[in-house]
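Dear colleague,

Please find below the structure that I am handing over to you. My notes on it follow directly after the sequence and coordinates.

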Amino acid sequence: MSVYKARAVRVALVLSLVSVAGPPARAAVPARSASTVPVPVQGGVMPVTAAPSLTPGPAHYRPVVLGHRAFPVARSNYLSFLRILNSWHAPRLRLVAGEWRLVGVHEGIDIGAETGAPVVSMTSGVIENVGWTFYSGQRVGVRGDDGAYYLYAHLSSVWSGIVVGSGVTPGRLLGRVGSTGYGSEGHRDEFPPHLHFGVQHGGEWTNPYPLLVSLYTEAVTRQGAAQRALDALAASGDTEAWRAAADRLYLGLAPPPGE
Ligand SMILES: [Zn+2]
């Protein structure tokens, strides 16, 4: 059993698992054929503020920017689910010379998602670190405009545009969810794919769990409202308006250079 698996078992036993994944969003095809009179779409269909830089192909889920912050994982398809594990300060065990030892506590929150799900910057800031560390694997570190340090770890890949010194905005694509780390460079699969997200204020790691939950809950709420408005258009039989709204909701993002 790997270090992580041992820890995961304990975490599963001791700590609560909070799933805040919303229902899969799916646009229904209008029952009737095209209307000849397009109906202008009034506000409410698109209450979300989409980050312009993310683009995992057809974007079934967009990062939602709230108060200049974005939830750091986007869905990669409409059936994707995310889980936010309340694993702050969970014991961290490691097999050292044949003995399980407590080597510290978990100083971040793990967000379960499938390998390849887009990881986006929560904040505006500047890339401070890119590359490999033993525990974090492939990681990106962002110095936020607020002075805090944001860590995105265990990535399967880092987007080519992310280099030390480059600026990012909330929702900016940083890389993809993976399972790298707990070994030398390239080591992976010691644990299920997830994003390890950490926030350091003044040199101290702080618990980002409440912020993550509120951001994601709000994002799901807004996404749900947008989907219901879209479904209402579908039910009305106004194919053109439905198609235009569906395009804005799911497909309207221009790909960033290099993706
Ligand atoms: Zn973690």
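The notes below describe what was found in the model, beginning with the overall picture and then moving to individual elements and residues.

Please bear in mind that this is a predicted model. The protein contains 3 helices and 16 strands. Of its 259 residues, 38% count as buried. Among contacts with a separation of 6 or more, 67% are between residues 24 or more positions apart.

The pairing of β8 (residues 118-120) with β14 (residues 173-176) rests on 3 bridges, and that of β12 (residues 157-158) with β14 on 2 bridges. Gly175 of β14 takes part in both pairings: it is the bridge partner of Val119 and also of Val158.

The nonpolar cores

Val119 also belongs to the largest nonpolar core, which has 37 residues. Beyond four places in sequence, Val119 is in contact with Pro72, Val73, Tyr152, Leu155, Leu174, Gly175, Arg176, Val177 and Leu195.

Helix α2

Helix α2 covers residues 209-236. Its 28 residues, at 1.5 Å a residue, should span 40 Å, and this agrees with the distance of 40 Å between its end C-alpha atoms. The buried residues of α2 are Leu212, Leu215, Tyr216, Ala219, Gln223, Ala226, Gln227, Leu230, Leu233 and Ala234. Just after α2, Gly237 takes a positive phi of about 85°.

Strand β5 (residues 91-96) runs antiparallel to β6, and 6 bridges join them. Leu93 stands opposite Leu102 of β6. The two strands form a hairpin with 2 residues between them, and Ala97 in the turn has a positive phi of about 50°. How many of the 7 residues of β6 are buried? The count is 0, and the strand is hardly covered.

The loop between β6 (99-105) and β7 (109-112) holds Glu107. This residue has 18 other C-beta atoms within 10 Å and is therefore partly exposed, as a residue needs 20 or more to count as buried. Glu107 and Glu204 are 97 residues apart in sequence, yet their C-alpha atoms are 9.4 Å apart in space. With neighbours within four places in sequence left aside, Glu107 is in contact with Gly198 and Trp205.

Gly178 is found in the loop between β14 and β15 (194-201). Is this residue buried or exposed? Gly178 counts as buried because it has 25 C-beta neighbours inside 10 Å. Gly178 and Pro192 are 14 residues apart in sequence and 8.2 Å apart in space, C-alpha to C-alpha. The contacts of Gly178 beyond four places in sequence are Thr115, Gln138, His154, Leu155, Ser156, Arg188 and Pro193.

One of these contacts, His154, is found in the loop between β11 (149-153) and β12. His154 counts as buried, with 29 C-beta neighbours inside 10 Å. Most residues other than glycine have a negative phi. Phi of His154, however, is near 70°, a positive value. Asp189 likewise has a positive phi, near 70°. Asp189 is found in the loop between β14 and β15. With 15 C-beta neighbours inside 10 Å, Asp189 counts as partly exposed.

Yours sincerely

Methods
Residues numbered from 1 in each chain as written. Predicted model: local features only at pLDDT ≥ 70, side-chain atom pairs only at ≥ 80, totals over all residues. Helix = DSSP H or I, 4+ residues; strand = E, 2+ residues; numbered from the N terminus. Expected span 1.5 Å × (residues − 1). Buried ≥ 20, exposed ≤ 12 C-beta atoms within 10 Å, placed from the backbone. Contact = placed C-beta atoms within 7 Å. Pairing = 2+ DSSP bridges. Core = buried A, V, L, I, M, F, W, Y, C linked by C-beta atoms within 7 Å.
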